[in-house]
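This report considers a protein model from its overall make-up down to single residues. Please read it with the structure open.

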Amino acid sequence: MGRGDGRGRTVSPDGADDAGTRILHVDMDAFYAAVEVMDDPSLRGLPLIIGAPDGRSVVSSASYEARRYGVRAAMPVGQAMRLCPSAKIVMPHFDRYQAVSRQVMTVFESITPLVEPLSVDEAFLDVQGVRRLWGSPGQIARLVRERVQAEVGISCSVGVAATKHVAKMASTISKPDGMLIVAAADTLDFLAPRSVRAMWGVGPKASDALEARGIRTIGDIRDSPQDMLDRAVGPALGARIAQLARGEDARAVETERVEKSVGHEETFDVDVTDREFLRAELLRLADRVAVRLRKAAWECATVAIKIRFDDFTTLSRSQTLAEPTSVGQRIGEAAQTLYESIDRRDPVRLVGVRAEKLRPAGGAAFALWDDDEHWRKVEGALDDARARFGSATITRARHVGRGDGRGAVRHPKDHGLD
């Protein structure tokens, strides 16, 4: 498999056994920070925090120099600065990150047509069909690392394995700037000692539930009765992790990206306690979500909300709709109902609305009447007005001049169709 190279990296040696492998998981190293250093070499070697300079913002990314102090993505910037007072805060440049991401994906696609981007800075590659052109999976992994460094100017880590799950775990273990090959025959030995928390798709709550029952490693999962796993994390996830623990993962690299959700969030400079304001804010966010659904010709079958309180506790709720919709009023009413189901009355720092389980618009069976016909016409007219006069000039009357009564300033965060 892999070994240290004397510089703290995990790098599988030349000629390492890659029999039975075909999947590469390639992950850029501290991508946002790496792009900032590439554009401004004076930042090299400094502990960098990518985020807005006010203490209530969150860390978008951090360089490895800052991570050594415990700085992590999604951490409040104020907390990050307390952990690493010498850190330099750099405002994020998301357009630039997207541009560099396109360069990286172009490199991948020049090697194999089977590329599945997971985000701006990572992707799966299936290299089975290009071995005659480029060599074995291990050789192709080295080629990917060399070309990304030479043509883009940043480093990446690569996991090579027989399955997507193991390849992703291997790339994580090899970071930063490393490569780890796990031959098919070595899969079970590779998995057995790893923490359950290292499994792709197993979150903190599921890990806590497993560890509470003494199931701490992937080997423990393999040795546990299925009914114990089901009681710990539910039948669906229990069956899934049992398969992954046995090295079974039939997921193929998907080049056709299926859109899954679209959402918007708002973070307030001042924590909000006015529930009517929050209800109105959910409706405003729902309108924005609906506009983007209609532009993309999608409807959603599920509405979800996210509420983050002043102590950073975050709650999520979701509801499946009777009929798929792209009507903001319908999405907003569902979001408000979900909000009212939350008992907590603590000050709120962030709210978000997300449309999920997307499907092409107009796919529902024909109905004799349309409960949303009125709102569909209203919002269609608003879409036409926005196209003529710009989105900034068109909003619901209830939102005009509305504040939270405490001088709160919104920090919007858009979630594209992802």
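**Overall make-up**

The model is a predicted one, and its protein chain contains 15 helices and 15 strands. Of the 418 residues in the chain, 47% are buried. When contacts between residues at least 6 apart in sequence are considered, 68% of them join residues at least 24 apart.

**The annotated residue and helix H7**

An unreviewed UniProt entry lists Glu-122 under "active site". In the model, Glu-122 belongs to strand S8, which covers residues 122-126, and it counts as buried because its relative accessibility is 14%, where the cut-off is under 20%. Leaving aside residues up to four places away in sequence, Glu-122 touches His-25, Val-26, Asp-27, Met-105, Pro-117 and Lys-168. With His-25 there is also a polar contact, in which the side chains of Glu-122 and His-25 come to 2.7 Å.

Lys-168, one of the residues touched by Glu-122, is itself among the buried residues of helix H7. Helix H7 spans residues 164-174 and is mostly covered, with nine of its 11 residues buried. The buried set consists of Lys-164, His-165, Val-166, Ala-167, Lys-168, Met-169, Ala-170, Ser-171 and Ser-174.

**Two helix pairs**

Two packed helices are described by the angle between their axes and the distance between the axes. The table gives these values for two pairs in the model.

| Helix pair | Angle between axes | Distance between axes |
|---|---|---|
| H9 (residues 204-212) and H11 (residues 226-233) | about 135 degrees | 9 Å |
| H13 (residues 275-296) and H14 (residues 328-340) | roughly 140 degrees | within 8 Å |

The crossing of H9 and H11 is right-handed, and the contact is formed by Ala-206, Ala-209 and Leu-210 from H9 together with Leu-229, Ala-232 and Val-233 from H11.

For H13 and H14, the axes cross at roughly 140 degrees, and the two helices are therefore oblique to each other as well. H13 passes H14 in a right-handed crossing. On the H13 side, the residues in contact are Arg-275, Leu-278, Arg-279, Ala-280, Leu-282, Leu-283, Ala-286, Asp-287, Ala-290, Leu-293 and Arg-294. These meet Gly-328, Gln-329, Ile-331, Gly-332, Ala-335, Gln-336, Tyr-339 and Glu-340 of H14.

Ser-261 lies in strand S11, which covers residues 261-272, and it is classed as buried because its relative accessible area is 9%. The side chain of Ser-261 makes a polar contact with the side chain of Arg-354, at 2.4 Å.

Val-351 is part of strand S14, residues 348-360, and at a relative accessible area of 1% it is buried. Which residues does Val-351 touch, not counting residues up to four places away in sequence? They are His-264, Glu-265, Glu-266, Phe-268, Leu-278, Glu-281, Leu-282, Leu-285, Lys-306 and Ile-307. Phe-268 and Val-351 are 83 residues apart in sequence, while their C-alpha atoms are 8.8 Å apart in space. Leu-278 and Leu-282, both touched by Val-351, also take part in the contact of H13 with H14.

**Backbone geometry in the loops**

Lys-175 and Pro-176 are joined by a cis peptide bond, with omega at about -5 degrees. Pro-176 is placed in the loop between H7 and strand S10, residues 179-181, and Asp-177 lies in the loop between H7 and S10 as well. Asp-177, which is not a glycine, has a positive phi near 55 degrees, and with a relative accessible area of 24% it is partly exposed.

A positive phi is also found at Ala-74, where the value is about 75 degrees although the residue is not a glycine. Ala-74 sits in the loop between helix H2 (64-67) and helix H3 (77-83), and it counts as exposed because its relative accessibility is 58%, with the cut-off at over 50%.

Key:
Residues numbered from 1 in each chain as written. Predicted model: local features only at pLDDT ≥ 70, side-chain atom pairs only at ≥ 80, totals over all residues. Heavy atoms only, no water. UniProt positions renumbered as here; feature names shortened; annotations may be inferred. Helix = DSSP H or I, 4+ residues; strand = E, 2+ residues; numbered from the N terminus. Buried < 20%, exposed > 50% of the residue type's maximum accessible area, 1.4 Å probe, protein only. Contact = heavy atoms within 4.5 Å. Polar contact = N/O pair within 3.5 Å; in protein donor to acceptor, adjacent residues only side chain to side chain. Axes fitted to C-alpha atoms, helices over the stretch in contact; angles between N-to-C directions. Left-handed = near helix turned anticlockwise from the far one by under 90°. Parallel < 35°, antiparallel > 145°, perpendicular 65-115°, else oblique.
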